[in-house]
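Me: I have a structure open and want to go through it with you. Can we start with how the chains touch?
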Amino acid sequence: MTTLSEKILGGREGSFVDRKVDRAFAHDGTGVLALDSFRKMGGERPENPDNISIIYDHIVPANNSTTADLQHELRNFSKDAGINFYDVGCGICHQVMSEGVCRPGEIVVGADSHTCTLGAFGAFATGVGATDMAAIWETGETWFKVPETIQVNLEGKLTGHTEAKDATLEYIRMLGMDGASYMALEFTGSGAESLPMEGRLTMSNMAIEAGAKAGLFYSDKVTAEYLAHLGIESERQAAENPSYAKEIDIDLENLSPMLAVPHRVDTGVPVEKYAGTALDQVFVGTCTNGRYEDLKRFADIVRGRTVKVRTVVVPASRSVLEKAVSTGILLDIIQAGCAIGTPGCGPCLGMHMGVLGEGEVGLSTANRNFKNRMGVGAEYYLCSPSTAAASALAGEIRSPEEN
Amino acid sequence: MEERGKAVCIGEDVDTDMIIAGRYLRTKDRKVWADHAFEDYDPEIAGRLKGSVIIAGKNVGCGSSREQAAIALKEAGVLAVVSPSFARIFFRNLVNTGILVFETDEIKCTDGDEVIFSADEDRVEVGGVRYDAKPISESMKEIIRAGGLIEYMRKRR
């Protein structure tokens, strides 16, 4: 009678536990604040620099002198402290951690809310604030409340142009923006087993959008094969009669492409409902959908054609970019008229490049469509890379199934 | 020891982008965050935060983990945040910033209502009505009493 969270954290749901963490990471945004707190705590060198990473992804490359100065300071600290440092261009923290750093069964904390992405490996991965991160640098550990768990039971296989992102928008619609507050999600069933690692990363990534602390898959054959490609041997996990607080079922077979409409993430509807909505920008990227497979699906639709609206594509990491170059899909994307950004978060957080203007309407593969987030006075819809591609070609919202 | 503050009432699902917009994060100047707190939600709120208690609808602080949201409130002089439910990272950040948190039933409130509360008790009085709050752990109370996680860690050294 143990959920995966209970097993990894080593405590019953509802209890508080102090635990050493296996991986801790922050990015250029939260890392600056964590360093500030670390110094105020009297910290000099982190307890265990080998387990700590700083990954520059939020404003890369720096957009002005203030940002550059802050990044300069944190870069110097990282190098002096012997922390694993990933500079501008390496990619988004969650993606970098998924490329051979994080392993099943680990306790992972990141100073970013989408740290739950790494639950795709069967790790307990959760976001914390910057001062929490500073204390973790100082002591190597932190406290957790062991969460209750909601089972998200996936049946069947995705078909046609429907993707893991559509299933993600569906479970968030079903749970609501706070439907899983303080809780963990476990993605189970034959549908979960059928998902490739990339789809699992997308589904775990958005657990936070239902308020969840973590979103976990059991590590299995798919996980082992993915990690084996990165030279890592991994253990498989099996469910141990877990006791769930709640269960929801999603039939992947009968899902259609989905949108989340402004300004909430739990507003999932079939794409057709908003078909024909004129767009000013399409954005493909982020820790939700900036992986190679996402870019490939996008490229397969736009190849040989021209987008009708400005379209920004940002690979999630350097290795994604490298693969997109070597397989030629990046050329397809560029020749279709898209603009390419440095691997990183891109316009998702509304801090630089690709921000929308007042009154503009955007379509994005990101995880949040909060009011004013990606541009003051703009509206944006969330969707999958295939929907983004069909819509970019049409200049308006369009289902990939009608393409 | 009892403290008193004036209620500032906000709605449900107010996310951390609403509390401090991303465009103000490119700095370490805490005053900037305090000055622009809630700007995209209601620009009138920032001027009323000194000595206030935020009475929020459910799921306050959802979204981004940005600690600047909690720091902005602290810097602006917010004494406590009361809500039927907190997004968990924001909850942790409030505690770590040294701001009192009270998780209660939904509260009907009007801006300016007197709020009476105590760091030692798990209840809060808003406009003359008492509400029981979910108890928080002793270690969270210790962090709040110390004035935040930074001060708590300094004491532990």
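Predicted model: local features only at pLDDT ≥ 70, side-chain atom pairs only at ≥ 80, totals over all residues.

Me: OK, how many residues does the contact take from chain B and from chain A?
Reply: Chain B puts in 41 residues. Chain A puts in 49 residues.

Me: And how much area do chain B and chain A bury between them?
Reply: About 3,800 Å². Carbon and sulfur atoms carry 54% of that.

Me: Which residues in chain B lose the most area to chain A?
Reply: Three arginines: B:Arg26, B:Arg88 and B:Arg92. Together they account for 21% of what the chain B side buries.

Me: How many salt bridges across that interface?
Reply: The rule finds 6 between chain B and chain A. A:Arg264 and B:Asp13 form a salt bridge through their side chains, at 2.9 Å from N to O.

Me: What about polar contacts, how many residue pairs between chain B and chain A?
Reply: 19 residue pairs, with both residues at pLDDT 80 or more.

Me: Which helices of chain B each supply at least two residues to the side that touches chain A?
Reply: H1 (16-19), H2 (30-35), H3 (68-76), H4 (88-97), H5 (138-146) and H6 (149-156) of chain B. H4(B) gives the largest share, 6 residues.

Me: How does that side of chain B split by class?
Reply: There are 17 charged, 13 nonpolar and 11 polar residues on the side of chain B that touches chain A.

Me: Switching to chain A. How do helices H11 and H12 of chain A cross?
Reply: H11(A) spans residues 292-302 and H12(A) spans residues 318-326. Their axes come within 9 Å and cross at roughly 35°. The crossing is right-handed.

Me: Which residues make that contact?
Reply: From H11(A), A:Tyr292, A:Glu293 and A:Leu295. From H12(A), A:Val320, A:Lys323 and A:Ala324. By class, that contact has 4 nonpolar and 2 charged residues, with no polar ones.

Me: Back to salt bridges. How many over all chains?
Reply: The count comes to 37. One pair to look at is A:Asp220 with A:Arg200, whose side chains meet at 2.9 Å, N to O.

Me: Where do A:Asp220 and A:Arg200 sit in the chain?
Reply: A:Asp220 is in the loop between strand S10 (214-217) and helix H9 (221-229) of chain A. A:Arg200 is in helix H8 (residues 197-205) of chain A.

Note on methods:
Residues numbered from 1 in each chain as written. Chains lettered and ligands numbered in written order. Heavy atoms only, no water. Contact = heavy atoms within 4.5 Å. Buried area = accessible area lost by both parts, 1.4 Å probe. Salt bridge = Lys/Arg side-chain N within 4 Å of Asp/Glu carboxyl O. Polar contact = N/O pair within 3.5 Å; in protein donor to acceptor, adjacent residues only side chain to side chain. Helix = DSSP H or I, 4+ residues; strand = E, 2+ residues; numbered from the N terminus. Nonpolar A, V, L, I, M, F, W, Y, C, P; charged D, E, K, R; others polar. Axes fitted to C-alpha atoms, helices over the stretch in contact; angles between N-to-C directions. Left-handed = near helix turned anticlockwise from the far one by under 90°.
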